[in-house]
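Please keep the sequence and the structure in view while reading.

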Amino acid sequence: MIRLDNVTKVYEGGTIAANNVSLDIQKGEFVFLVGASGSGKSTLIRLMLRDEPVTRGKIWVAGKDITTLPKWKIPYLRRSVGTVFQDYKLLPNKTVRENVAFALEVLGRPQSVIGPQVDQVLELVGLEDKAQRYPKQLSGGEQQRVSVARSFVNRPPIMLCDEPTGNLDPKTSVGIMKLLDRINRTGTTIVMATHDHAIVDAMKRRVVALENGKVVRDDETGGYEAAQG
Amino acid sequence: MSRVLFLLREAMTSLRRNILIVAGAVLAVFISLTLALGALVVNEILRLNTIAWQQGVHVIAFLNDEGDSGIPMGAHGDLLAEIQTWDGVKGASYWDKTMAWEEYQELFAGQPELLDIDPTILPASIRIELTDIELHSSIRFRLEQRAGVVRQVATAAESIEQLQSLSNVLNVLGLGMAIVLGVAAVVLIANTIRLAIYARRDEVSIMKLVGASNWFIRVPFLLEGMIEGLIGAALAVFAVWLGTSNLARAGQSFALFRLDVSQVFFFRWGLLFLIFGAAAGVVGSMLGLSKYLRDADGTGPDVPTGF
C-alpha cells in the first residue's frame, strides 16, 4: 500500500530529516513510527502526503509514484489519504457536523450523500449528539474525534496520523487509539507517528523506530523500546 | 449544483466575515471608478457643447443703420447677398431691428429694468455659419474691410477652438486617469484578497489537506473579488449618474452651456464599467492568490519544522 525506496530528505542548510529510508507497508497494516523529537517521524508523514518533495528516492502510495506526481494531481492523492494531526486542524467557525461535511463538500459530493455519510461517521466516533457544537465547546479528546471523523468520512484506504494523542491525557488517548484500531479493522492502512510509549506497548503492532532520519528498527509486533537480549 | 452552491456560500461567508476589509476594497473601486467615469462625463459634456457651438452661428456682423452716415438704402441686402457667395460660408441670415429687439427681450426677460430702452438702438445683423470653424479669421477680416456698413464683428470661434483643445487635453488626461485608477483598483482588490486569504489561511491549509484542488480553493476568492468589483463599479456608476442628473437639472436655466448627458451614454459606459469592475475583481483576486497557492502547493520552500 505504501512503499518508500531509499528516501532521503535534506532541508536547506543541510539538515538531514530522512536518510535513505526504505519501508514497505502492506494493505490493512497498523504501523507506528517511533523515535525522539527530531528523529524524522513527522517528515516521513509529510513526504507520504506530498506536503514536501523528497530530495532523493521514491515513494509509492496506493500503487502510484507520488514523487513524480504533477502538482495538479496532489489533491487526488490527498483524497485517498486521511490525515490526523496533534493540533486537530478544525475550522473554529464551523460546527462539528460542518467540519466533517467539509471534507466531502470539497470533493463535490451531493448533499444527499453527505448527510447520511456524516451521520454514520459521527456515530462511529460517538459524537452524534454534539454535531451542532463548535470546536471550542468540545474537550481535546472530542476535538480529536472530530478530526478522525473528518479524515475517515471519505473512507480513505490510508490514514496518516502525526502524534494524534500528543495533546491528550492517557485516558482520552486510549479512547482515540480504540477508535483508530476500529477503523484499522475495516481494512484501512494506518501509519501513526508517536512518542507515546504506553500506547505503542499496549497495541502490539508493527513498530518502525527512527533515529536521526534513519530506520534503526522494524519490528513486526514490537514495543516502543527494542527488546532486550 | 451542490458544489456551485457550496462555493457561493463560502464566498458570501467570507464577504460577511471580513466586512471591514471588503468595505475598504469596495470603497477603493468606487473612488477609482467614480473619478474615471466623472472624467469621461466631463469630457462628454465638453464634446456635446463643442458640437452644439460648432453647429450654430459662428460669426455675427452688427450693422450700421441704413440711411445713416452715408450708408445707402439696400446696403444690408447687398452685403448679405455678397457674403452668401463667399467661400467658407455655409449660410448667412439677416436679423433686422425687430428681430434683434425680440431676441433682446427674450434674453433679458428676467431683468425688466434692462428692457426699458429704445428698441431702435439695437442694430440689425448678419449671422454667418461657416463650413469650417478655422475660417473664422479670414471671414472676420473681410467683414472688417466693410467698415462703413459693418459696425462690429463678433465671433465665438476662438472660444470654440479653445474648447476643442481643452477637450483634446481632457481626452488624454481622462484616458490616463482611467488607466491609472483602473490599475489602482486591481491592486487594491489584490491586496484585499491577500488579506482575506491571510485571515483564512488555516481554512485554506485544511482545504488542501482534505484534497481540495487549487481551483476549488480559488473560486470563492475569485467570486469574492468579482462581487467587490461589481459593487464598487455599480456604486460609482450610480453616483456619477446621480451627480450628472442633478447637474443637468441645475443647468437647465443656463442656456449657453449644456450640462446633460444622454441615457445611452450612461447605459453604454455604465455597462462597460460594471464589466471592468468585475474583471478588475477577478484579476485582482488571481494576483492576490497566485503567490499564496504557489507557496502552498506542497512544493514550497524547504523549511525544517518539527521533523
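## Overall layout

Along its sequence, chain B follows the pattern α-α-β-α-β-α-β-α-β-α-α-α-α. Chain B has 9 helices and 4 strands, and chain A has 7 helices and 10 strands. Helices (H or I, at least four residues) and strands (E, at least two) are DSSP runs, numbered from the N terminus.

This is a predicted model, in which local features need pLDDT of at least 70, side-chain atom pairs count only at pLDDT 80 or more, and totals for chains, interfaces and linings use all residues. Residues are numbered from 1 along each chain as its sequence is written, while chains are lettered from A and ligands numbered from 1 in the order in which they are written.

## Burial and contacts within each chain

A residue is buried if 20 or more other C-beta atoms, placed from the backbone, lie within 10 Å of its own; it is exposed if 12 or fewer do, and partly exposed in between. Of the 229 residues of chain A, 45% count as buried. In chain B, buried residues make up 30% of the 307 residues.

Two residues are in contact if their C-beta atoms, placed from the backbone, lie within 7 Å. Among the contacts in chain A between residues at least 6 apart in sequence, 68% join residues at least 24 apart. For chain B, residues 24 or more positions apart account for 85% of the contacts with a separation of 6 or more.

## Two sheets in chain A

Two strands pair if DSSP finds at least two bridges between them. In chain A, 6 strands form an open sheet with mixed pairing, in the order β6-β7-β8-β3-β9-β10. Its edge strands are β6 (81-85) and β10 (214-219) of chain A, each of which pairs on one side only. On average, and with direction ignored, neighbouring strands of this sheet are turned by 15° against each other. Within the sheet, strand β3 (residues 30-34) and strand β8 (residues 189-194) of chain A pair in the parallel sense over 5 bridges. A:V31 stands opposite A:V191 in β8(A).

Chain A also has an open sheet of 4 strands in the order β2-β1-β4-β5, with antiparallel pairing. At its edges stand β2 (16-25) and β5 (64-65) of chain A, each with a single partner strand, so one side of each is left without a neighbour in the sheet. Strand β4 (residues 56-61) of chain A is joined to β5(A) by 2 bridges, and the two run antiparallel. Here A:V61 stands opposite A:K64 in β5(A). Helix α1 (residues 41-48) of chain A lies across β1 (2-10), β2 and β4 of chain A, running at about 60° to β2(A).

## Helix α5 and its partners

Two packed helices are described by the angle between their axes and the distance between the axes. Axes are lines fitted to C-alpha atoms, for helices over the stretch in contact, and angles run from 0 to 180 degrees between N-to-C directions. The axes of helix α5 (residues 140-152) and helix α6 (residues 170-185) of chain A come within 9 Å and cross at roughly 15°. α5(A) and α6(A) are therefore roughly parallel to each other; angles under 35 degrees count as roughly parallel, over 145 as roughly antiparallel, 65 to 115 as roughly perpendicular and the rest as oblique.

α3(A) and α5(A) pack at an angle of about 30°, with their axes 7 Å apart. That makes α3(A) roughly parallel to α5(A). The residues in contact are A:V96, A:N99, A:V100, A:F102 and A:A103 of α3(A) and A:V146, A:A149 and A:R150 of α5(A).

## Residue A:F102 and the chain contact

Is A:F102 buried or exposed? With 24 C-beta neighbours inside 10 Å, A:F102 counts as buried. A:F102 is found in helix α3 (residues 96-105) of chain A. Leaving aside neighbours within four places in sequence, A:F102 is in contact with A:L91, A:K94, A:R150 and B:V210.

The contact between the chains takes 19 residues from chain B and 29 residues from chain A. On the side of chain B that touches chain A, α1 (2-17) and α7 (201-209) of chain B each supply at least two residues. The largest share of that side, 4 residues, comes from α7(B).
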